[in-house]
Amino acid sequence: MYKVYGDYNSGNCYKVKLMLSLLGCEYQWVPVDILNGETQTPAFLEKNPNGKIPVLELSDGTCLWESNAILNFLADGSAYLPAEPRLRTQVLQWQFFEQYSHEPAIAVARFIQFYLGLPEERLHEYRSLQKSGYRALAVMEQQLKRTPFLVGDHFSIADITLYAYTHVAHQGGFDLTPYPGIQQWLERVKEQPGYVGMLD
């Protein structure tokens, strides 16, 4: 059985939780408190020397880390990761976009507001993240006005990757009202068989 080391409120951890639920896999969830330094203990650093969650531990003790890498591992051979090279590359394209353009703005703004409570010393950073976050949302909106999912007509791990923080973007101060394509896509993701919410 898989073990998932994570925080229920973390979008990156939620990606793994949602993927496992969609696949119908059994797993054990091991809570990790990032604010109390539990990712920096010697025991945890043996599992992930980078000191971050999530970590997926396999039955043989192998530990996989980085949420999008874990998604690719879990989805391999399933309908959630296309076999055709062009489509698979488009999935990766959106995953790289999430890590370089979307997550650094939306997830960090959410961390500052939701986890830290908007401390005065990070207000300037928080406000600067709004511009780049909205830019990332506009890129998604452009695609989702054309296709029901990020890679055409079929739900994939590209959607899981970007759903995780987009569906809680309001917790980072982002208003999704101007993005009808994204709003409709969020509902389509919820309709997937096996869907589970972040805190379910």
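How many residue pairs are in polar contact between domain 1 and domain 2?

Reply: This is a predicted model, in which local features need pLDDT of at least 70 and side-chain atom pairs count only at pLDDT 80 or more, while totals for chains, interfaces and linings use all residues. Residues are numbered from 1 along each chain as its sequence is written, and side-chain values use heavy atoms, with hydrogens and water left out.

Between domain 1 and domain 2 there are 8 residue pairs in polar contact, both residues being at pLDDT 80 or more; a polar contact is a pair of N or O atoms within 3.5 Å, where within protein one must be able to donate a hydrogen and the other to accept it, and residues adjacent in sequence count only if both atoms are side-chain atoms. On the domain 1 side of this contact, helix H1 (11–23) and helix H3 (67–75) each supply at least two residues, helices being DSSP runs of H or I with at least four residues, numbered from the N terminus. H1 gives the largest share of that side, 7 residues. By class, the residues of domain 1 that touch domain 2 divide into 8 nonpolar, 6 polar and 3 charged, where Ala, Val, Leu, Ile, Met, Phe, Trp, Tyr, Cys and Pro count as nonpolar, Asp, Glu, Lys and Arg as charged, and the others, Gly among them, as polar.

The rule also finds 1 salt bridge across this interface, a salt bridge being a side-chain nitrogen of Lys or Arg within 4 Å of a carboxyl oxygen of Asp or Glu. Glu-98 forms a salt bridge with Lys-15, and their closest N and O atoms are 2.9 Å apart.

As for the two partners themselves, the chain is divided into domain 1 (2–75) and domain 2 (85–191), with bounds that come from an automatic or database domain assignment. The contact, meaning heavy atoms within 4.5 Å, takes 17 residues from domain 1 and 18 residues from domain 2. The centres of the domains, taken over C-alpha atoms, are separated by 21 Å.

The area buried between domain 1 and domain 2 is about 1400 Å², with 62% of it given by carbon and sulfur atoms; buried area is the accessible area (1.4 Å probe) that two parts lose on being put together, summed over both. Asn-9, Lys-15 and Asn-68 supply 29% of the area that domain 1 buries against domain 2, more than any other three residues.
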